[in-house]
Amino acid sequence: MLVGGGWGTGKSYGVAGWVERRIDVGRPTALVCGYQFDGSRGFEDQLAENCGAQHACSAQELLSALQKHAREHEQHAVLVVDALNEAAAVTGDPQEAFAALLELAAEFPDVTVVATLRMDQPPPAVRSAVISMRNRRYAFQWNAGVQDPLAAWRMYQDMYGLPPLVLPPDVRDLRRPLLLSILAYSIHRSPKPENGPVTVPSVGGLFRKWLRTLDADWARYRGHGAIRDAPPVVGRACELIAEVIDVRESVEFGTVLRTLGDHGFADAERIVYWLCGVGVLGVDPVYGHVRFAVQRFAEHIRARNLLGGPRPDRAVARLARDLDGGKQTSAAAARMMEALAGAAPHMSPGTELFRLLPRRRPLRADLIVLESLEGREPVPGDERGAQAIAFLRKKLRHPEAAPWTWYTVLVNSTDPGHYLGVAFLDAALNDTRGSKRFHRRFVLPILKLIDNPDGVDLLRRFLAWAATGGTQERSVLDTTTLLLWLSAVPYAGLRDLCVRTASDLWLEHPEVALVQVERFGAHDDALIAEATWLAAYGALLRRTNRPPAEPWLALVERDSSRAHLRIHDAVAGIRALWDPGSRRGFPLQPLKLPRTAAVVLHKSSRMRRIQSLVVSWCPFPENSPVPRLSWLSRRSRRLEAIRLSSPGRRRERRPDWPEAMAEGKAPAIAAQEWYAVESWRHSRADPSPAPDEDGAARYHFRTTDPTLSAAWPTGPNTVLDSSSWWGVSPDLPGLTGANQAPSRPASDVLTVSAPDGRSWWLLYGAFHPQPVTAHVLGNPEDAAESTERLPVLRRPSNIVKEKDTWQSASPARQSSQLTSFVEINTFFIRVGAEKQTVRLLRANRFHTTLCEAWPSHVYLAEYYRRPECVPTGVPDAPYRPTTIVYPGTPTVPFERDSTLPYRREVPARQFIRKMGLRWTGRHLDFIDVASGTEILTDPSLIEGGPNCLLLAPAAAARLSAAGWTLLWHIAHHDRSLSERHRFAVLREGEIVDLHHAGDGGVRSARQPEG
């Protein structure tokens, strides 16, 4: 097995612990470290000697001895090579050296070879699959490090009493146990402990903090007491040791002592052993060689030496050229460049690495510098801040570097007040006058991030942070500023999350919403203006108390003249909050169209492209689509930032995914403008439709629902897991009395207990059991990510993972093994109508009187808060559903890979009114109007898990007083596809079973037959 991973992820630590446990129980084990190999002889020639062989022997003889021990003990023997990349005897690819060692070990079947290898990037999925499934020469395990950095930090909090950790969007470095331990120890030993939450520094800043802590510890160790500004003794000693080691992995112990003694260290031996004790150095007890315990820290010290030497620019130029060299050369140069970028700002005098780079350099050098700016500690009034800002602005003009420039800005945006965060983004985008520059420097780079796995992962983590980033007014202002700028990107999945997250944040801060609408509501970019008004409407509609009307109505009057249907929709909704009866129309604003000659539809490739990007359906009568498409073509030409491509033309490259998404922005805006103009011409009134206007233009183009919480899921989830305390397992014994088993009382099935001890009744639920393969074959990284509940931006298509290939061939994943399923529905009925309702359910449980249809043009909050938007017709039947299916958000036709809010069962409005409840505006929580107690909720929106609705038992009294009761229907599908039904009714505040009688009626479990 080959274990790969980045520096500090625990490869050596984990292997060492495994080796110690094997030795303790007497299992044959041999361990060798990469730094023990020198470059004078071959790798295999030194293997047995470095393993501790008493006499010179070959690698075959070593393997033969291990084979002999394995058969004597009747257990497998193990040969472990730790840090194969540090072996000086390996001149080529370390993986090829490992494969050659396996060829030697093939003759010894009882010997297992394990090696660890530092890899800066995981291998491609295709390559990993080929290694694992075709060659089968060795298994490969990528060690990502700590799965849950916050859980690991809580351990240090308990150990040192530290404050909480602010998790940045990019958590790659936080998966390194070494980084977490150094950060925790440095804060713990700091003379000025952190009072507020801890922000994660850059790697260079972290090592600088560690060296300062070690300087103070050394002074305290020498008996000088607590010293606030201790002399940099440890840093100077490390620089001298790194200088004598140079590019080698280790050096003789005596050489280190002589070097330190020559430079004034009177107690050189003492400081060397002390550095070993604190984890900076390592000493080989057999050969007496000294080396740095952490290779990344050694590179940091060497970078300090290089920057402090004469003409560091020449050394940096050589490294920049090596980035375009061979695989091993470029990897070594990249590691050194990363160390230089992290160390340069902390040198005296401090500067940035890009000031030393040559003018002509590969893009990879700039990307290394950009990565070093992530998490950089802001220094007020420092010249380096101005240098970094100028560098980022310059990189925004580079098409290939611009996406990763915004990557750095998004990471720093999670640090309040960071000079390379929201402030930089706002200033940079305010300077992009004109749609073309804004498109080139922001819209297209963000689309390229979405098209990149690392980029889309960062955006997901950033949006998850934005939803819970902070509640202070300044924090909400900065976060929503960034979200509104991101809403200019024409990708439905990103825009939808930005709008709903901003609406959630403004729910408690209407004053921030007013400031943002005043600034962005009239923005030149129609997508930004639309997102601003939508988010404001969603926040105001969900609030229980309205802010002052005057400033909002003034903004409504300001933007009423803008010809854009969705903006009109949101503006009319906000105006209706204070003036519900207003039907005042919007003034028609003339739009500019470029002059063009008459266009023939079948001869215009541009118009065909327009027709493919916009919906061809038209709600208004027209004899021919040519005038409409001609208007859209002319208007989009005025709006577009790039020329529309025509794939049918010769000698023209088909646009890639980001360019194809960007092409749809101008036609989509032009379509909204055309619908607004035509709505005014046809109705001369407010274009918002009445409840019975099913085919209105607004309904057809209503996509993002701003009244949904950002936690609303984007896909179905019915699988029970260990954290779903509200679920009912389909494999529960006695659920329906199948297989001659006694039935469990319905009250036990339908009553669940929350972690706080409160009891709830299941009003709705649909549950599958958790498959066994989720534990056996699941990927631990995927499991860790699922616990973080990151939003999904893009649905991957035509991608097969390695684990999917294994699972599809596994006997545990045969399609013939179907899972059981249970569904619980509830109906509120008139007392005495139990027999009639059960008879109807047995005949057709999908009858129209048992299923209420969602009003097709209504947002979630409008359904509960605006009665005029919901049809008032109430059926006369004595039985009505307690739930209704919210249909979710429709997908834009040319964005099929976007992930939008999914359909979900929500409480029916009639049931909410009958119960005297009020929606809180957050998630699906409903409270009693009189007492304010939570009566109905869906915990899955907060905790994750399968969709359900829970009702407090205290609500039974209100129903019985009005002559109503509840009827439960439990449908159980077992693995043989047989279906069983069970019914229960609420009587005198308790859930009572109903049994099917022979005459087609029902009887209560309490009442005898007859």
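**Entry 1: a loop alanine.** I started at Ala754, which sits in the loop between β11 (751-753) and β12. Keep in mind that this is a predicted model. Is Ala754 buried or exposed? I looked up its relative accessibility and got 11%; the cut-off for buried is under 20%, so Ala754 counts as buried. Next I checked what Ala754 touches, leaving out residues up to four places away in sequence, and found Trp725 and Trp760. I also looked at Pro939, which is 185 residues from Ala754 along the chain. The C-alpha atoms of these two are separated by 9.8 Å.

**Entry 2: strand β20.** From there I went to β20, residues 948-951. Strand β12 (residues 759-767) pairs with β20 in the antiparallel sense, over four bridges, and here Leu762 has Leu950 as its bridge partner. Strand β19 (residues 934-937) also runs antiparallel to β20, joined by two bridges.

**Entry 3: a three-stranded sheet.** I moved on to an open sheet whose strands come in the order β8-β10-β9, with antiparallel pairing. β8 and β9 are the edge strands, each pairing on one side only. I counted two bridges between β8 and β10, and I noted Glu252 opposite His289 in β10. Helix α9 packs on this sheet and touches β8, β9 and β10. The direction of α9 makes about 115° with that of β10.

**Entry 4: helix α10.** Last, I took α10, residues 253-262. Its buried residues are Phe253, Thr255, Val256, Thr259 and Leu260. As a reminder to myself, an α-helix has 3.6 residues a turn, so residues three or four places apart point the same way. On the other side of α10 I found Arg258 and Asp262 exposed. What do the buried residues of α10 pack against? My list is α9 (233-245), β8 (251-252), α11 (268-277), β9 (281-283) and β10 (289-292). Just after α10, I noted that Gly264 takes a positive phi of about 90°.

Notes. Residues are numbered from 1 along each chain as its sequence is written. This is a predicted model: local features need pLDDT of at least 70, side-chain atom pairs count only at pLDDT 80 or more; totals for chains, interfaces and linings use all residues. Side-chain values use heavy atoms; hydrogens and water are left out. Buried means under 20% relative accessible area, exposed over 50%, partly exposed in between (1.4 Å probe, protein chains only). Contact means heavy atoms within 4.5 Å. Two strands pair if DSSP finds at least two bridges between them. Axes are lines fitted to C-alpha atoms, for helices over the stretch in contact, and angles run from 0 to 180 degrees between N-to-C directions.
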